[in-house]
Amino acid sequence: MEARENKTSSKESGYLLEVRNLKKHFLVSKNLAGANRKYLRAVDGISFGLQKGRTLGIVGESGCGKSTAGNTIIRLLEPTEGEILFEGRDLARLTEKEIRPIRGDIQMIFQDPYSSLNPRMRVFDIIAESFRTHGTASGSELREKVYALMDVVSLSRSYGRRYPHEFSGGQRQRIGIARALALNPKLIICDEPVSALDVSIQAQILNLLKELQRQFGLTYIFIAHGLPVIQYISDQIAVMYLGVFVELASNTDLFGHPLHPYTGGLLAAIPIPDPSLRSLKNGRLLEGDPPNPINLPAGCRFHPRCRYATGLCSENAPEFRELFPGHFVACHHPCI
């Protein structure tokens, strides 16, 4: 995986999904004449390529735009600008009618298992809804497919007649995973799927997702704000800050040799039980709060919180460049 800027198709480049300069801006204010508009630049030009069977982790503080990026890629939100190439087709340019046949190939597992399931529907009907909507199964075939999915996610078939409120958070998330698998998707966007769960249950769900990936050849975009979770499940990791990627690298490179001060700050925040090892943390804890996303600072967006910042950082936005093979960073003074 790498940041992409050239114009070869995703099929030619070997990517299942290729995102180029993706932006999603929200209008937040304007005067009565429609002038003086202010925008929240939730996603402000991200690019990457994702190969089949791999997992891209997107990590960052709350409000950095990672969930908006996932929702825009799947077209739950309309992109402001950019390309979303899925198997060579630009999803950003397709009409709702044109994108409907592709919906089954890209699914999402949502963050909150308590609100993402219809409380008025039984578990069987929640999982069966995709089959019915797309007309891919009915009758006894539908019943067997739903029960097979329940078996895959380790839910008893007897649970099919129950309602979501009768289950724990982990069980509800298993229902959501079964629903996402219904149409044999090629890509699943996991939007913080374990953040609302207890730690022990998080491990079970992560192990289930890894097993499903191995079993069905799934490709994931995994969104989270916790680095330990991202480290466990991801092959490649993109670190996001105020709408842009500041670092993109393999799992090993990012944790072994972080280049961006923001990445170092996130790593420093990971608790280490052994006091004798705490001095070996990468970087220092982050200081200050992120700036107002509607009034972004000039130059590097991280410079007001960066101990390495110079005048150059406050004047010019750094280029997102490949400093080492497969390791991209947007920083004037990377931690080499």
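Buried means under 20% relative accessible area, exposed means over 50%, and partly exposed lies in between (1.4 Å probe, protein chains only). This is a predicted model, in which local features need pLDDT of at least 70 and side-chain atom pairs count only at pLDDT 80 or more, while totals for chains, interfaces and linings use all residues. Residues are numbered from 1 along each chain as its sequence is written, and side-chain values use heavy atoms, with hydrogens and water left out.

Start with the sheet. Helices (H or I, at least four residues) and strands (E, at least two) are DSSP runs, numbered from the N terminus. Two strands pair if DSSP finds at least two bridges between them. Eight strands form an open sheet in the order S6-S7-S8-S3-S9-S10-S12-S11. The pairing is mixed. Strand S6 (106–109) and strand S11 (320–324) are the edge strands, and each pairs on one side only. From one strand to the next, the twist averages 20°. Axes here are lines fitted to C-alpha atoms, for helices over the stretch in contact, and angles run from 0 to 180 degrees between N-to-C directions.

Now look at one pair within the sheet. Strand S3 (residues 55–59) runs parallel to strand S8 (residues 219–224), and five bridges join them. Thr55 stands opposite Tyr220 in S8.

Helix H2 (residues 66–73) lies across S3, S6, strand S7 (187–191), S8 and strand S9 (236–241). H2 runs at about 150° to S8. Helix H10 (residues 261–268) lies across S9 and strand S10 (244–250), at about 105° to S9.

Next come the charged side chains. A salt bridge is a side-chain nitrogen of Lys or Arg within 4 Å of a carboxyl oxygen of Asp or Glu. The structure holds 15 of these salt bridges. One of them joins Glu18 and Arg20, at 3.5 Å from N to O. Glu18 and Arg20 are both buried. A network of salt bridges links Glu18, Arg20 and Glu83.

Glu81 and Lys23 form another salt bridge, with the closest N and O atoms 3.8 Å apart. This pair links distant parts of the chain: Glu81 is in strand S4 (residues 81–86), Lys23 is in strand S1 (residues 17–29), and they are 58 residues apart. Glu81 has 39% relative accessibility, so Glu81 counts as partly exposed.

Which residue forms a salt bridge with Arg75? Glu78 does, with the closest N and O atoms 3.0 Å apart. Arg75 is buried, because its relative accessible area is 7%. Glu78 counts as partly exposed, because its relative accessibility is 41%.

Methods. Contact = heavy atoms within 4.5 Å.
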